[in-house]
Amino acid sequence: MEWVLVHWVDIVSCEHPWMDEADARELRPAEMWSTGIIIHQDQSCVVLAGTYMVTDRTCGNVNAIPRGVIKSIRQLSPVEPRSIGGDD
């Protein structure tokens with residue numbers, strides 16, 4: 001497993017039903033930074049889990065980030081999951 005930092009861009013939208021065209025022209029994608037463990041990756045996306053439970057192999061705060069919006073992926077450290085109180 002890899003613990004990584006992913007730099008990516010996300011959609012920005014306006015929640016108002018109508019907005020001025022000049023304001024609409026100012027909208028830009030949001031720069032995002034996510035950390036977590038890569039659960040899966042393929043040509044289309046990287047699936048990142050922010051929380052991972054070793055005992056039953058479940059995960060939380062999971063995001064599937066499309067490859068097309070990823071600017072970079074930096075490995076922070078290799079991860080060897082083990083239970084608390086396990087052999088170190």
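Ile 70 touches Val 6, His 7, Trp 8, Val 46 and Ile 65, leaving out residues up to four places away in sequence. Contact here means heavy atoms within 4.5 Å. The model is predicted, so local features need pLDDT of at least 70 and side-chain atom pairs count only at pLDDT 80 or more, while totals for chains, interfaces and linings use all residues. Residues are numbered from 1 along each chain as its sequence is written, and side-chain values use heavy atoms, without hydrogens and water.

Ile 70 belongs to the largest nonpolar core. That core has 8 residues: Val 4, Val 6, Trp 8, Ile 38, Val 46, Leu 48, Ile 65 and Ile 70. Two elements give two or more residues each, strand 1 (2-10) and strand 3 (45-53). Strand 1 gives the most, with 3 residues. A nonpolar core is a set of buried Ala, Val, Leu, Ile, Met, Phe, Trp, Tyr and Cys residues joined through side-chain atoms within 4.5 Å. Buried means under 20% relative accessible area, exposed means over 50%, and partly exposed lies in between (1.4 Å probe, protein chains only). Strands (E, at least two residues) and helices (H or I, at least four) are DSSP runs, numbered from the N terminus.

Two strands pair if DSSP finds at least two bridges between them.

Follow the pairings. Strand 2 (residues 30-41) and strand 3 run antiparallel, joined by 4 bridges. They form a hairpin with 3 residues between them. Ile 37 has Ala 49 in strand 3 as its bridge partner. Ala 49 in turn has Val 62 in strand 4 as a bridge partner. Strand 3 and strand 4 (residues 58-66) are antiparallel too, with 8 bridges. Their hairpin has 4 residues between the strands, and Arg 57 in the turn has a positive phi of about 55°.

Next, His 7. This residue lies in strand 1 and is buried, at 13% relative accessibility. Its contacts beyond four places in sequence are Glu 31, Met 32, Trp 33, Val 69, Ile 70, Lys 71 and Ser 72. The side chains of His 7 and Glu 31 make a polar contact of 2.5 Å. A polar contact is a pair of N or O atoms within 3.5 Å; within protein, one must be able to donate a hydrogen and the other to accept it, and residues adjacent in sequence count only if both atoms are side-chain atoms.

Glu 31 is partly exposed, at 46% relative accessibility. It also forms a salt bridge with Lys 71, the closest N and O atoms being 3.3 Å apart. This pair links distant parts of the chain: Lys 71 in strand 5 (residues 70-78) and Glu 31 in strand 2, 40 residues apart. A salt bridge is a side-chain nitrogen of Lys or Arg within 4 Å of a carboxyl oxygen of Asp or Glu.

The whole structure holds 2 salt bridges. One of them joins Arg 25 and Glu 21, at 2.3 Å from N to O. These residues are 4 apart in helix 1 (residues 21-25), so about one helical turn separates them. Arg 25 is exposed at 55% relative accessible area, and Glu 21 is exposed at 51%.
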